[in-house]
Amino acid sequence: MTSLRLICAIAMLAVAAPVTNAAAATFAAWEVSGVAWNDVLNARAWPSANSAIRAGYPNGTLLSMTGKCMNGVDLKDIVTLPAWKQKQLVRYTWCQIWHDPAGTGGWQTGWVYGRYISPK
């Protein structure tokens, strides 16, 4: 009976581990908003307007946020606030995303300016 319990425990850990890791990798979906109709939101390598552009996303694109923003803002801490308040808190800072700029499975982090994202 002990070996059966051990096998069950290992199986449960094997199933639970990927869920935990996936949940930790991405926090929430926010969307691109407020970008001019003929423009895109640039996802950059680092949180700076002078950083290399990795990809561009038009309005309405869902972004996978890691939760990390500059200036001490953590999306996990503000998720219970009204959407307008969340948007206000990230408006003048950079937030980190998890994306695949080339669409080839090469996922990486990038940064977007908070003025152009809204909670979904």
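Ser-64 sits in strand β4, which covers residues 62–69; strands here are DSSP runs of E with at least two residues, helices are runs of H or I with at least four, and both are numbered from the N terminus. Ser-64 is partly exposed, at a relative accessible area of 28%, where buried means under 20%, exposed means over 50% and partly exposed is what falls in between, using a 1.4 Å probe and protein chains only. Its C-alpha atom is 6.9 Å from that of His-99, a residue 35 positions away along the chain.

A quick word on what you're looking at. This is a predicted model, with local features needing pLDDT of at least 70 and side-chain atom pairs counting only at pLDDT 80 or more, while totals for chains, interfaces and linings use all residues. Residues are numbered from 1 along each chain as its sequence is written, and side-chain values use heavy atoms, with hydrogens and water left out.

Now step back to the whole chain. The protein has three helices and seven strands, and reading along the sequence gives the pattern α-β-β-β-β-α-α-β-β-β. Of its 120 residues, 30% count as buried. Take the contacts (heavy atoms within 4.5 Å) with a separation of 6 or more: 59% of them involve residues 24 or more positions apart. Another C-alpha pair to look up is Ala-83 and Ser-118, which are 35 residues apart along the chain and separated by 7.6 Å. Ala-83 belongs to helix α3, residues 83–90, and is partly exposed with a relative accessible area of 44%.

The loops are worth a stop too. Start with Thr-61, in the loop between β3 and β4. A polar atom of the Thr-61 side chain lies 2.8 Å from the backbone oxygen of Pro-58. Leaving out residues up to four places away in sequence, Thr-61 touches Trp-30, Glu-31 and Val-32.

Ser-51 is placed in the loop between β2 and β3, the latter being residues 53–57. Is Ser-51 buried or exposed? With 10% relative accessibility, Ser-51 counts as buried. The Ser-51 side chain reaches the backbone nitrogen of Ala-45 at 3.4 Å. Setting aside neighbours within four places in sequence, Ser-51 is in contact with Arg-44, Ala-45 and Trp-46.

Asn-71, in the loop between β4 and α2 (75–78), has a phi near 60°, a positive value in a residue other than glycine. At 63% relative accessibility, Asn-71 counts as exposed.

On to the aromatics. A pair of aromatic rings is described by the distance of the centres and the angle of the planes. Rings of Phe, Tyr and Trp (for Trp, the six-membered ring) pair if their centres lie within 6.5 Å, and planes under 30 degrees apart count as stacked, those over 60 as edge-to-face and the rest as tilted. That rule gives two aromatic pairs. Trp-94 and Tyr-113 make an edge-to-face pair, 5.2 Å centre to centre with 65° between the planes. Trp-94 is in strand β5 (residues 94–99) and Tyr-113 in strand β6 (residues 108–113), so this pair ties together parts 19 residues apart in sequence. Trp-94 is buried, at a relative accessible area of 15%, whereas Tyr-113 is partly exposed at 24%. Trp-98 and Trp-107 form a stacked pair, at 6.4 Å centre to centre and 20° between the planes. Trp-98 counts as partly exposed at 31% relative accessibility, and Trp-107 is partly exposed with a relative accessible area of 47%.

Trp-94 and Tyr-113 turn up again in the lining of the largest pocket, together with Val-35, Ala-36, Asp-39, Val-40, Leu-41, Asn-42, Arg-44 and Tyr-116. On a 1 Å grid over the protein atoms alone, a pocket is an open set of points where a 1.4 Å probe fits, with protein on both sides within 12 Å along at least five of seven lines, and lining residues have an atom within 4 Å of a point. The largest pocket holds about 150 Å³ of space, a volume being the space filled by probe spheres set on the points, which are joined across faces, edges and corners. Which strand gives the most to this lining? Strand β2 (residues 41–44) does, with three residues. By class, the lining has seven nonpolar, one polar and two charged residues; Ala, Val, Leu, Ile, Met, Phe, Trp, Tyr, Cys and Pro count as nonpolar, Asp, Glu, Lys and Arg as charged, and the others, Gly among them, as polar.

Definitions and conventions: Polar contact = N/O pair within 3.5 Å; in protein donor to acceptor, adjacent residues only side chain to side chain.
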